[in-house]
Amino acid sequence: GLVVDGREWAYGSHDCPGKSGVYSTRPEENDQYTFYQRVVVGNMRAPREEVLRRIRKIARSEKWTGVNYDMIELNCNHFVSDLCWELMRRRSPAWINGTAETIGLARRRSRVEASALDAALAAYHEAMLADAAGAVACNGVTPEGGACQLNELGAEGTQLERQSARPPGLQAFQDAFSATFRMSWDRNVAELQADAERRPEGEDPDAHRERALQGVADVANRHALATATVV
């Protein structure tokens with residue numbers, strides 16, 4: 001939690017939609033966790049009413065409703081970091097939530113990769129079937145003009161049979177896509193994390209990282225698709 005003016009503000013989960021998960025307790029006496037260490041983040045001078053207004057602004061936002069709580073991707077340390085930024089334009093030390101952030105990034109990469117791979121496989125499948133259909137159309141008539149027997153993807157096959165056929169090279173395409181995506185993602189995430197630490201004072205490093213991650217995903221997808229297509 002974050003202690004502000006004699007109260008410790010924290011965030012937790014519940015199952016009541018629309019209700020904030022933000023609450024306050026006496027400092028270092030929150031029975032929802034075991035106290036570990038006190039870290040002084042900074043000081044601020046402002047009227048108490050203004051401080052409370054900013055805390056309520058965070059507490060009443062949709063982001064911090066109790067049903068949104070996730071131990072890895074939206075936990076009490078994320079809340080403290082957002083509250084620190086709201087009050088002082090300063091984030092809490094990164095090491096405090098480092099483990100969750102690392103696991104969360106891995107989760108995010110898996111989700112983004114799965115979505116990109118699904119789209120790439122669908123496009124590959126359609127392209128291979130189109131090529132196969134074209135080959136059948138070209139080979140469906142003998143040089144003498146007589147009809148020849150078509151293979152299982154020919155005109156006599158149903159559309160369902162053609163769609164369910166496994167295109168050649170599908171596993172190689174998938175393996176190349178996934179390996180390249182992960183390599184590109186990991187390399188660029190390491191670079192953006194180092195860059196986030198160099199953000200000028202007053203610029204939110206979390207907001208910068210969030211914008212940059214979208215670019216990382218796009219680049220990884222392009223690299224993976226290009227490599228898999230060559231394979």
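Modeller: We can go through the overall layout, then the sheet, then the aromatic pairs and the cores.

Biologist: Before that, what kind of model is this?

Modeller: This is a predicted model, and every value I quote is computed from its atoms.

Biologist: Okay, how many helices and strands does the protein have?

Modeller: The protein has six helices and three strands, and reading from the N terminus the order is β-β-β-α-α-α-α-α-α.

Biologist: What share of the residues is buried?

Modeller: Of the 231 residues in the protein, 33% are buried. The accessible surface comes to about 14600 Å², and carbon and sulfur atoms hold 52% of that surface. If you take the contacts with a separation of 6 or more, 64% of them join residues 24 or more positions apart.

Biologist: Let's do the sheet. In what order do the strands sit, and are they parallel or antiparallel?

Modeller: The order in this open sheet is β1-β2-β3, with antiparallel pairing. The edge strands, each of which pairs on one side only, are β1 (2-4) and β3 (22-25). From one strand to the next, the twist averages 35 degrees.

Biologist: How many bridges link β1 and β2?

Modeller: Three bridges join β1 to β2, which covers residues 7-11, and Trp-9 in β2 is the bridge partner of Leu-2.

Biologist: Changing topic, how many aromatic pairs are there?

Modeller: There are eight aromatic pairs in the structure. One of them is Tyr-11 with Tyr-69, a tilted pair with 5.6 Å centre to centre and 45 degrees between the planes. This pair links distant parts of the chain, as Tyr-11 is in strand β2 while Tyr-69 is in the loop between α1 (48-59) and α2 (76-88), 58 residues away.

Biologist: And why does Tyr-11 count as buried, and Tyr-69 as partly exposed?

Modeller: Tyr-11 counts as buried because its relative accessibility is 3%, which is under the 20% cut-off. Tyr-69 has a relative accessibility of 26% and therefore counts as partly exposed, since that class runs between 20% and 50%.

Biologist: What about Phe-181 and Trp-185, how are their rings arranged?

Modeller: Phe-181 and Trp-185 form a stacked pair, 6.3 Å centre to centre and with 15 degrees between the planes. Both residues belong to helix α5 (residues 170-196), where they are four residues apart, about one turn of the helix. Phe-181 is buried at 0% relative accessibility, and Trp-185 is buried too, with a relative accessible area of 2%.

Biologist: Which residues make up the aromatic cluster with those two?

Modeller: Phe-181 and Trp-185 form one aromatic cluster together with Tyr-124, Phe-173 and Phe-177.

Biologist: So which residues of the largest nonpolar core touch the most other members?

Modeller: In that core of 20 residues, Phe-173, Phe-177, Phe-181, Trp-185, Val-189 and Leu-213 touch the most other members. The elements giving two or more residues to this core are α3 (98-139), α5 and α6 (205-230), and α5 gives the most, with eight.

Biologist: What does Trp-185 contact, leaving aside its neighbours within four places in sequence?

Modeller: With those neighbours set aside, Trp-185 is in contact with Leu-105, Arg-108, Arg-109, Leu-213, Val-216, Ala-217 and Ala-220.

Biologist: And how many residues are in the second core?

Modeller: The second core, which is separate, has 18 residues, among them Val-4, Tyr-11, Val-41 and Leu-87, so the Tyr-11 of our tilted pair turns up again there.

Note on methods. Residues numbered from 1 in each chain as written. Predicted model: local features only at pLDDT ≥ 70, side-chain atom pairs only at ≥ 80, totals over all residues. Heavy atoms only, no water. Pairing = 2+ DSSP bridges. Axes fitted to C-alpha atoms, helices over the stretch in contact; angles between N-to-C directions. Buried < 20%, exposed > 50% of the residue type's maximum accessible area, 1.4 Å probe, protein only. Contact = heavy atoms within 4.5 Å. Areas by Shrake-Rupley, 256 points an atom, 1.4 Å probe, with all protein chains shown as cover. Phe/Tyr/Trp six-rings, centres within 6.5 Å; stacked < 30°, edge-to-face > 60°. Core = buried A, V, L, I, M, F, W, Y, C linked by side-chain atoms within 4.5 Å.
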